[in-house]
Amino acid sequence: MPELLHHPLASHVLTKLRDKNTPAAEFRALSYKIGLMLALEATKDLPTDVETIDTPLETMDASVLGEGLAVVPILRAGLGMLQPFTDLFPSVSVGYLGLERDHETAEPSAYYNKLPDVTSRRVLCVDPMLATGGSAVMALDKLKAAGATDIRLVTIVSAPEGIETVKAAHPDVPIITAAVDRELDDNSYILPGLGDFGDRLFDT
Ligand code: URA
């Protein structure tokens, strides 16, 4: 099972994201908000280092973030979850994977791949909707081919089918999500879901 984000605020934000009457401006703000919560969840076990610092009163050994971090949104919907990561972790490296799925077959193909050094750092692959899992598997394939060994997949809504597909292909990659929905429809949309995330985010 994926790691589920459990927080009343996350449930509230998700409800507003699902509501078809939520306009694009609010949808963007809500995506940012739930992205912040997911970013914290996906990094709660980040390795830390110890630094010796002087408080105004004493010298102490204190915890600071250790290894670097990379975030890789899958274009284009993943862009709606990028800013929370760069705001929380200003020195995060950012890569982009452009994957699109054929509307008839739902098969993914890559049209853009620009990654930072993904070796020896936590890589957070972000895509709001884990539907068939085809795009996620391809993204994880590409991250591993580039040398990534510590990867998390971060999504907002996940379908059981997508979770199964990712788990089968990449059992070592934890999935962090805010919701596991019921199923996919015949067009590979998640039910009940929230519709086309990219269309609602970009008002297309
Ligand atoms: N992508 C979306 O934006 N929505 C879905 O329901 C499935 C894939």
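**View A. V126 and the residues that it touches.** Not counting residues up to four places away in sequence, V126 touches V71, P73, G78, M81 and V154, where contact requires that two C-beta atoms, placed from the backbone, lie within 7 Å. The model shown is predicted, so that local features need a pLDDT of at least 70 and side-chain atom pairs count only at pLDDT 80 or more, whereas totals for chains, interfaces and linings use all residues. Residues are numbered from 1 along each chain as its sequence is written. V126 is found in strand β8, strands (E, at least two residues) and helices (H or I, at least four) being DSSP runs numbered from the N terminus. V126 is buried, with 27 other C-beta atoms within 10 Å; a residue counts as buried if 20 or more other C-beta atoms lie within 10 Å of its own, as exposed if 12 or fewer do, and as partly exposed in between, with C-beta atoms placed from the backbone. Although V126 and Y96 are 30 residues apart in sequence, their C-alpha atoms are 9.9 Å apart in space.

**View B. Strand β10 and its parallel partners.** Eight of the nine residues of β10 (residues 150-158) are buried, so this strand is largely enclosed by the rest of the structure. Strand β8 (residues 122-126) runs parallel to β10 and is joined to it by five bridges, strands being taken to pair if DSSP finds at least two bridges between them. In β10, V154 is the bridge partner of V126. Strand β9 (residues 129-130) also runs parallel to β10, joined by two bridges, and here M129 has V157 as its bridge partner.

**View C. The antiparallel pair β6 and β7.** Six bridges join strand β6 (residues 96-101) to β7, and Y96 stands opposite K114 in β7. Strand β7 (residues 108-114) is hardly covered, for the count of buried residues among its seven residues is zero.

**View D. The largest nonpolar core and helix α4.** The largest nonpolar core has 52 residues, and those with the most contacts inside it are V71, V123, C125 and L143; such a core is a set of buried Ala, Val, Leu, Ile, Met, Phe, Trp, Tyr and Cys residues joined through C-beta atoms within 7 Å. Helix α2 (residues 24-42) gives the most to this core, with six residues. Leaving aside its neighbours within four places in sequence, L143 is in contact with V72, V118, V123, C125, A148 and I151. L143 is among the buried residues of α4, together with G134, S135, A136, A139, L140 and K142. The twelve residues of α4 (residues 134-145) should span 16 Å at 1.5 Å a residue, which agrees with the 17 Å between its end C-alpha atoms; the expected span is 1.5 Å times one less than the number of residues.
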